[in-house]
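Please brief me on this structure. I want the chain contact, the core, the sheet and the domains, with cut-offs stated.

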Amino acid sequence: MTSAQTSAHPLVAANGLTKRFAAPRRLSDMFSGQRPHVYAVDGIDLCIGKGESVGLLGESGCGKTTTGRLLLKLTEPSAGSIAFDGVAIDTLKGDDLTAFRKRAQLVFQNPFDALNPRFTIERVLAEPLVNTGVERASHRDKVEKALAQVRLPPLSRFEGLFPHQLSGGQLQRIVLARALVLEPDFIVADEPVSMLDVSVRAGVLNVMREVRATLGLAALYISHDLALVRYVCSTTLVMYLGKIVEQGPTADLLKTPLHPYTRALVNAVPVPRVDQSHAALPIIGNVSDARGQPRGCRFRDRCPMAVARCAAEEPLLRDLGQGRRVACHLA
Amino acid sequence: MADQPVLEVRDLSVEYRTARGVVRAVDGISFSVPKGAILGLVGESGCGKPTVARSITGVLHQSARIAGGELLLHGRDLVSGPPKAWLDARWREISFVPQSAMNSLDPVYRIGSQIEEVLIHRGGKTRAEARARASALFEMVGLNPGRLDEYPHQFSGGMRQRVAIALALALNPSLVIADEPVTALDVIVQRQILDVIRDLQRRLSLSMILVTHDISVVAYLCDQVVVMYAGRVVESGSTRDVLEQPRHPYTMGLTNAFPDLESAAHDLVPIEGSPPDLSQSLVGCRFQPRCPFSLPVCISDDPRTEVAETGARFACHRHADSERLRRQSRDIATWQRPQ
């Protein structure tokens, strides 16, 4: 049994996860007395098994970063629940919260901003150990181990060096090592290579794939980059305006996308080959307003296939077998 | 005889004065932009791409100067010519699409008036003519002319990028330079903008230089490609030729390092190391420290530019072996070295 959906005890399980933010009020809202909300994440379920790596794909503003932050308890959900290793995280406090923080870590997007410029690399890497009260004697060993995992050993080469003295590719691996130093079970990587040049990006991606395999780490990769998701994730979720519209094994999902939005995403990506299709995109317009909770399918005004039912009834995520699920009336 | 190229860059060098001394960011590069073609200028950050783009438009940073070479626009040199000629050419002959359209539009003026300003002051149009032209430009890039009176914040990122393209086309320039025009955008919007550029290029037979780090964008859009590394051109030629049969190890590395939707099963092949520090004086091939195929001659001598039978140009000492190197470059073990 490989699918986390069927395993009895997933590492991360979210149910009906919702996060809404107050939207800026417009003049018309003031007259009508409404307090509009933006539903950044709107009732999603997701499940990540131990050692599983899941990709969360979507355009800016679809709620993917908020989802990652919710799973790490960096922001509180407006509704819904999250269980980590069978325990609900919403009420965690004190030592339990610290224990959770050690097991669930975040890898930041921009390595140039994520490290304190006044800390040496050694201090950057030891900081999480200090903060979570790990005994000092073991720090050096743990840091060495994390550096080896990201293929940057030994620590002595960074003696007295500060972040600005390292290249972008090295920094991103340091950011990853900092997350790994606590030996977590779960990491959320938010656009982990989008700031890096192509030639070094490949190296960081290889390290991520290797780390996942050797440490049995569960991971959520948040990205708009289909190739990255294809390269590191076994399962992929596609988000559109706060909803999951499609999920499935990455290779199948990208090869035969079922939701019209996924199809548009896949078709939109140019490939590094000279002979490629220049066919028009099967999508219209721009992402619509995320305010409120519209009736029907949120993608319908951009969908070339939309029918009357799409406006009246919201499509629910249906199970199609073989791990594939899609929220579309027509798929 | 072939048409005269719109722009010919000959042996261009650009230097920056910095606290650490003079940095030669662009060192003797040459290429030309044929009429009606899109030329892709690729390379990683720090290789000098934006500096090339800025020197052609003549808007270099204060600390930078053109240290040598020629920029021939329709055969006339801008560098040695009177400054007024260059000034007059700007926007009328050579226009620019910036990377971040968010920051290039003035937030307190209506978009229409920003386009009209260019048309009136640079193009000598009357207000009524400018208004009509602005509407036509909006339609050309797929925007609704009814929104000319809106402000930049009312437009999405993709729409603002379309405005930036409309602005660049305002005076029918013979060359448009676009600096990473889609980098900040989401995939779908990115593709829409690429399609706008492609469509306009076909209809108006525009000549363009597209600065990008993304090989896929080059493959999608460009007829010609120039690959830069550490301030030099390492390889150039038709896109098909360069991407399908790279002859320089750096280009080979770049094409292998790209994740591709269909071939994700195999390992990506990274190029270890980072580009050299240009404030030091450099001897030999600049890619040598990262190149898995380097020979002693690569350390001591600059490679000469060779011309392949297809017309592609490349600068590598091991040019005779390129077929074999290409095969080896696909193997990840080739590029791995002790750290």
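The points below go from the conventions to the interface, the core, the sheet and the domains.

This is a predicted model: local features need pLDDT of at least 70, side-chain atom pairs count only at pLDDT 80 or more, and totals for chains, interfaces and linings use all residues. Residues are numbered from 1 along each chain as its sequence is written, and chains are lettered from A and ligands numbered from 1 in the order in which they are written.

**Contact between the chains**

- Chain A brings 32 residues to the contact and chain B brings 37 residues. Two residues are in contact if their C-beta atoms, placed from the backbone, lie within 7 Å.
- On the side of chain A that touches chain B, the elements giving two or more residues are helix H8 (198-215), helix H9 (226-232) and helix H11 (260-268) of chain A. Helices (H or I, at least four residues) and strands (E, at least two) are DSSP runs, numbered from the N terminus.
- H8(A) supplies the largest share of that side, 8 residues.
- That side of chain A divides into 19 nonpolar, 8 polar and 5 charged residues. Ala, Val, Leu, Ile, Met, Phe, Trp, Tyr, Cys and Pro count as nonpolar, Asp, Glu, Lys and Arg as charged, and the others, Gly among them, as polar.

**Nonpolar core**

- The largest nonpolar core has 199 residues. Such a core is a set of buried Ala, Val, Leu, Ile, Met, Phe, Trp, Tyr and Cys residues joined through C-beta atoms within 7 Å.
- A residue is buried if 20 or more other C-beta atoms lie within 10 Å of its own, exposed if 12 or fewer, and partly exposed in between; C-beta atoms are placed from the backbone.
- A:Ala177, A:Tyr221, B:Leu39, B:Leu210 and B:Val227 have the most contacts inside the core.
- Not counting residues up to four places away in sequence, A:Ala177 touches residues including A:Leu125, A:Ala146 and A:Leu152.

**A loop residue in chain A**

- A:Leu166 lies in the loop between helix H6 (139-149) and helix H7 (168-180) of chain A.
- A:Leu166 counts as buried because it has 20 C-beta neighbours inside 10 Å.
- The C-alpha atoms of A:Leu166 and A:Ile121 are 9.4 Å apart, with the residues 45 apart along the chain.

**Sheet in chain B**

- 8 strands of chain B form an open, mixed sheet in the order S6-S7-S8-S3-S9-S10-S12-S11. Two strands pair if DSSP finds at least two bridges between them.
- The edge strands are S6 (94-97) and S11 (305-307) of chain B, each pairing on one side only.
- S7 (175-179) and S8 (208-212) of chain B pair in the parallel sense over 4 bridges. B:Val176 stands opposite B:Met208 in S8(B).
- S9 (224-229) of chain B is mostly covered, with 6 of its 6 residues buried.
- B:Gln224, B:Val226 and B:Met228 point one way from S9(B), and B:Val225, B:Val227 and B:Tyr229 the other way.
- S3 (38-42) of chain B runs parallel to S9(B), joined by 4 bridges. B:Gly40 stands opposite B:Val225.
- S10 (232-238) of chain B runs antiparallel to S9(B), joined by 6 bridges. B:Met228 has B:Val233 as its bridge partner.
- The hairpin of S9(B) and S10(B) has 2 residues between the strands, and B:Ala230 there takes a positive phi near 45°.

**Domains of chain B**

- Chain B is divided into domain 1 (103-171) and domain 2 (248-335). These bounds come from an automatic or database domain assignment.
- Their centres, taken over C-alpha atoms, are separated by 43 Å.
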